[in-house]
Amino acid sequence: MNNALVIGSGVMGSGIAQLLSINKIKTIITDSSIDNLKKSKEKVLLNLDSLLKKSIITKNQKAESIKNIDFIKTLDQEINQVDFVIEAANENFDTKKKIFKMLEKKISANCVLATNTSSISISEIASELKFPERFIGMHFFNPATIMKLVEIVKGRETNMETTDKIIKLTKRLGKIGVISKDSPGFISNRILMPMINEAIETLRGNVAEVDEIDSVMRLGMAHPMGPLKLADLIGLDVCMSILEVLRDGFNDKKYDPSPLLIKMVNEGKLGRKTRQGFYKYNKTK
Ligand SMILES: NC(=O)c1ccc[n+]([C@@H]2O[C@H](COP(=O)([O-])OP(=O)(O)OC[C@H]3O[C@@H](n4cnc5c(N)ncnc54)[C@H](O)[C@@H]3O)[C@@H](O)[C@H]2O)c1
């Protein structure tokens, strides 16, 4: 795969586009919000500088990334060249389904369609598609340039050729793929989100403050980052959407998002991306 299209230029789309372009894949990235697309361009440049400073990438890789990545407002002819699409729009079933229905009218016959969904059923998104055999879940972690794992999720009709192509791409990007069955939250978020939700409930119940809750999990359980800081990094709106998918998918109220999480999302306190979540962030963080 040498020509990629990334749909959605938020936290994950920007990171994935950066990762693809560093690895010499011609990448176009688009978003329904021009404002977000502009911010993504700024963010990608800042991140490349930061990766270079930390010696995670070389000068050549930075130049390669800038050369290979294109920020595009509306999709046109260029879509014919694309052999890999990864969607990283909001964690909403209808949004994702609409995107893929639009895409499949335009893509070429050998193009693989992947979603970065954290929790939504791959088979359900694929259910109304003309080419469900070319559709797959490719779940990157945040930040996509750094985190080693990719959760690969096959839908009911995903074929071997598609799966093999994604396993190969995962390796080429320097990542390690783990295959999960198509079940709500897959492996990662079925385990992670209830923990984050419980940390928020611990805070809401006045058992301890933010720092104490995170310290216990860092120092006592050897987690590299506490659950509240991780929730801020993921995005509180994303955490809430994933919990709703788990609750509805398993029909179990134990996954109900904490009232405090709902309140913060309603107040627009979404974590790092809005610079206010359980912690406050300055512009450069
Ligand atoms: N944040 C994380 O840590 C994380 C990790 C792994 C996977 N994910 C998943 O990745 C996806 C994106 O998450 P995010 O954190 O980047 O969200 P985000 O809110 O940062 O970005 C979503 C972007 O999608 C755009 N968008 C919405 N509808 C669109 C459409 N129809 N066409 C094009 N663009 C559209 C929005 O304008 C926004 O810029 C979600 O499915 C999420 O579950 C998130």
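This is a predicted model: local features need pLDDT of at least 70, side-chain atom pairs count only at pLDDT 80 or more; totals for chains, interfaces and linings use all residues.

Residues are numbered from 1 along each chain as its sequence is written, and side-chain values use heavy atoms, with hydrogens and water left out.

For K96, an N or O atom of the side chain is 2.8 Å from an oxygen atom of the ligand; for E91, a polar side-chain atom lies 2.5 Å from one. The ligand on its own exposes 830 Å², and the protein buries 87% of that (accessible areas by the Shrake-Rupley method with a 1.4 Å probe, with only the protein chains shown counting as cover for residues). Around the ligand are 25 residues, of which M12, D31, E91, S118 and I234 come nearest (near means a heavy atom within 4 Å).

Now step back to the whole chain. It is divided into domain 1 (3-180) and domain 2 (189-274), with bounds from an automatic or database domain assignment. Between domain 1 and domain 2, about 630 Å² is buried, and carbon and sulfur atoms give 61% of it (buried area is the accessible area, 1.4 Å probe, that two parts lose on being put together, summed over both). E91 returns here: with S119 and N142, it loses the most area in domain 1 to domain 2, together 55% of what that side buries.

How values were computed: A polar contact is a pair of N or O atoms within 3.5 Å; within protein, one must be able to donate a hydrogen and the other to accept it, and residues adjacent in sequence count only if both atoms are side-chain atoms.
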